[in-house]
Amino acid sequence: MLVDQEEISANAYNPRLNEEKVNVIRGAILDSAGDSLAYTEVLDDGSQQRIYPYGEVFAHVTGYVGRGMAGLELAANDTLLKAPDFLDTLQSWANEEAVQGSNIRTTLNSSLQQFVYERFSGYKGAVVITEPSTGKVRVLMSSPSYDPADVIDNWDNIAANEDSPLYARATQGLYPPGSTFKLITALAMMRAMPDYENYTYVCDGSYEVGNNSISCAGGAVHGYMTLEDAFAYSCNGYFASAAVQMGGDALRETAEYLNISESFDFILPQSESSVVVSSEYEADSMVAQTGIGQGETQMTPFYLNMLTCSIANGGVLYTPYLIDQTIDASGAVEKTLPKLWGTMMSAAEATYLENLMTGVVQYGTASSLYHEGVSIYGKTGTAQIDGGEDHSWFTGYTKVNGQVDLAITVLVENGGSEKRAAPIVQQIIDYYYS
Ligand SMILES: [Zn+2]
């Protein structure tokens, strides 16, 4: 049936025209307490305006709608536009009323995310805070950011900003992991070196390999090092020498076993983390660099948080999720239940890594961390960047009354000695547990 297109549009009885008049009011995106992160206001002329009450704070999670879509606006678009019931919808359309789409209640803690975002004022970086026992994502922060409400009018400026505010560093930023990679090197030792618990090394401040010299941070000379002490003090020589003894395959295989290139069924797009010790670089110096998180290995803050969750959880990882409930206009609730993603390592391996992470906080590189009533486990990292200030990392988790509570991963991009990850973790813990 060929009919002139204009004639169809002009016909007042065409249901498609009605659909344009009485369309769906986009549902809201809420935090875990029910506060709006994004909602729609219907203006007097019937047009809709999307409001983002937190401005820049949640831009990389909610995303935007209006100039294409991104974030949850894109990933959950069908849900946000989903009317309660087909008959209700028809009824509304018959009355030329707008149909209300479904709301999404997320797992996010908006006050904590706001607090975290403010800590990064003037700095680039990312923070991921999750609940290892369920997979709930409580904070997913990337800095700098942009106001999703500005996307339509101010796109050119946002896109041209050399600090790349559109870039979701938490999930898409790839960074050298620095010494946080020693979690993987230590696990590789447990797997590849039968006598790993007795592997010792005498640190004189630098480790010579090939034409390279690997120094310990801040000119430290650590002396006699056991695995526990080397991990706590983050001795580069110890882990570089252990990596060379194991070989690149052991590091690569362990990282692959730890699902380094996985996206864990998460709803938002991620970059793929990877360990590169390709055969053409099997030279010892490359293996040594890889063992301390330099070389060509790259990780997202999100992946490192997932690895941390699995350690906190005795090796088991829950699927990370952001949408806790969808609530349609009739009030019907669909709730997400925690879902096992898989096992990253054995319970014994997780316990051993936890012991190593205990030392870091009790007497090692993160010994400044303390909060009454909260047990803290972690690993710090400093990643050297050619031609720039160092990146600073922390990844770890908390327990309260013996129960695992939060996994916290912080990355400060090019913070150098001025802005470090561990003090931000202290602020987060003080804020959250006070
Ligand atoms: Zn050392």
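Which strands does helix 16 lie across? I looked there before anything else. Helix 16 (residues 347-362) lies across strand 17 and strand 18, and runs at about 80 degrees to strand 17. For such angles, axes are lines fitted to C-alpha atoms, for helices over the stretch in contact, and the angle between N-to-C directions runs from 0 to 180 degrees.

**Ground rules**

I am working with a predicted model: local features need pLDDT of at least 70, side-chain atom pairs count only at pLDDT 80 or more, and totals for chains, interfaces and linings use all residues. Residues are numbered from 1 along each chain as its sequence is written.

**Whole chain**

I found 17 helices and 19 strands in the protein chain. These are DSSP runs numbered from the N terminus (helices: H or I, at least four residues; strands: E, at least two). The C-alpha trace spans about 85 × 45 × 40 Å along its principal axes. Of the 434 residues, 49% count as buried. Buried means that 20 or more other C-beta atoms lie within 10 Å of the residue's own; 12 or fewer is exposed, in between is partly exposed, and C-beta atoms are placed from the backbone. I also checked contacts (C-beta atoms, placed from the backbone, within 7 Å). Among contacts between residues at least 6 apart in sequence, 66% join residues at least 24 apart.

I traced an open sheet of 5 strands in the order 8-7-19-18-17, with antiparallel pairing. Two strands pair if DSSP finds at least two bridges between them. Strand 8 (136-143) and strand 17 stand at the edges with a single partner strand each, so one side of each has no neighbour in the sheet. Neighbouring strands here are turned by 10 degrees against each other on average, direction ignored.

I then went through the pairs. Strand 17 and strand 18 run antiparallel and are joined by 11 bridges. Val374 has Val400 in strand 18 as its bridge partner. Strand 18 pairs with strand 19 over 8 bridges, again in the antiparallel sense. There, Lys399 has Val404 in strand 19 as its bridge partner. Strand 18 and strand 19 form a hairpin with 2 residues between them. In that turn, Asn401 has a positive phi of about 50 degrees. Strand 7 (residues 124-131) runs antiparallel to strand 19, with 7 bridges. Val128 stands opposite Thr409 in strand 19.

How many residues of strand 19 are buried? I get 9 of its 11, and strand 19 is mostly covered.

**Helix 17**

I checked the length of helix 17 (residues 421-433). Buried in helix 17 are Ala421, Ala422, Ile424, Val425, Ile428 and Tyr432. Why do they lie on the same side of helix 17? They cover an arc of only 155 degrees around the axis, which puts them there. The arc is taken from the directions from the helix axis to the C-beta atoms. Their cover includes helix 7 (110-119), strand 17 (374-385), strand 18 (388-400) and strand 19 (403-413).

I noted an open sheet of 6 strands, order 4-3-2-6-14-15, with mixed pairing. Strand 4 (48-51) and strand 15 (333-335) are its edge strands, each pairing on one side only. Strand 14 (residues 323-327) pairs with strand 15 in the antiparallel sense over 3 bridges. Thr326 stands opposite Glu334 in strand 15.

Notes. The expected span of a helix is 1.5 Å times one less than its number of residues. Two residues are in contact if their C-beta atoms, placed from the backbone, lie within 7 Å.
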